[in-house]
Amino acid sequence: MKQKGNESFRNKCYRQACQEYTRGIIINPFSYELYIERAQVYLKLEEYTNAQCDCDRVKLLRSDWAKVYYVSAEVFLGMGKLDQALGQNIWVSEKCSSNPAEITKLLNKQRKRIDQAMFVSKQRPSSRKCTQEHVSASKPERKQA
C-alpha cells in the first residue's frame, strides 16, 4: 500500500495516493510513516485540517521524529497560521538536535519562508483598512445645493 501510495504521489495522483495510504492505515493503524505520507498528500490537496490531524497522530506515535514537525509547520504555513508554523520549526530545530543534515537544511529553508511570510503579512494593510478605503473610494461625491 505504501509503495502504491508513493508511486501515486510521485505521479501527482493525490486522491489515489490518499486512498492507498488510508488502506495501509486501516491494516496497520500504528504506522506513523503512513500517517505522515497521507498528511503530505492532504497538504498538496490543501486539506489542512486533515493534514494536521494526521500530524497530531504521528506526534502521539513518534514524538521525537523531526519530519512530523517539519510537515506540521508546512501545514500551519499553508493555513496562514504563521506563529504556529514558526513554533513547530523552532521546536524541532532545538529539541531534535540529532537531525540529519538533510532535514536541518530543509528546516532552515522552511524558516526563511516562514520569516518571509511573516514580513509580508506585517506589510499588508489590515482588511478593515482596505475595506474602509474601498468604501470611501467607491462612494459617489455628493453635490452641494
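Residues are numbered from 1 along each chain as its sequence is written. In this predicted model, local features need pLDDT of at least 70, side-chain atom pairs count only at pLDDT 80 or more, totals for chains, interfaces and linings use all residues, and side-chain values use heavy atoms, without hydrogens and water.

User: Over which residues is the pLDDT below 50?
Analyst: pLDDT is the predictor's confidence in each residue, from 0 to 100. The chain mean is 83, and 81% of residues reach 70 or more. Where pLDDT is low, the predicted coordinates should not be read in detail. The stretch below 50 is residues 125-145.

User: Is Ser-8 buried or exposed?
Analyst: Ser-8 sits in helix α1 (residues 2-10). Buried means under 20% relative accessible area, exposed over 50%, partly exposed in between (1.4 Å probe, protein chains only). At 6% relative accessibility, Ser-8 is buried.

User: Which residue forms a salt bridge with Glu-47?
Analyst: A salt bridge puts a side-chain nitrogen of Lys or Arg within 4 Å of a carboxyl oxygen of Asp or Glu. Glu-47 lies in the loop between α3 (32-44) and α4 (48-61). Its closest N and O atoms are 2.7 Å apart in the pair with Arg-15.

User: What is the relative accessibility of Asp-54?
Analyst: Asp-54 forms a salt bridge with Arg-57. Both lie in helix α4, 3 residues apart, about one turn of the helix. Arg-57 is partly exposed at 37%. Asp-54 counts as buried, at 1%.

Notes: Contact means heavy atoms within 4.5 Å. Helices (H or I, at least four residues) and strands (E, at least two) are DSSP runs, numbered from the N terminus.
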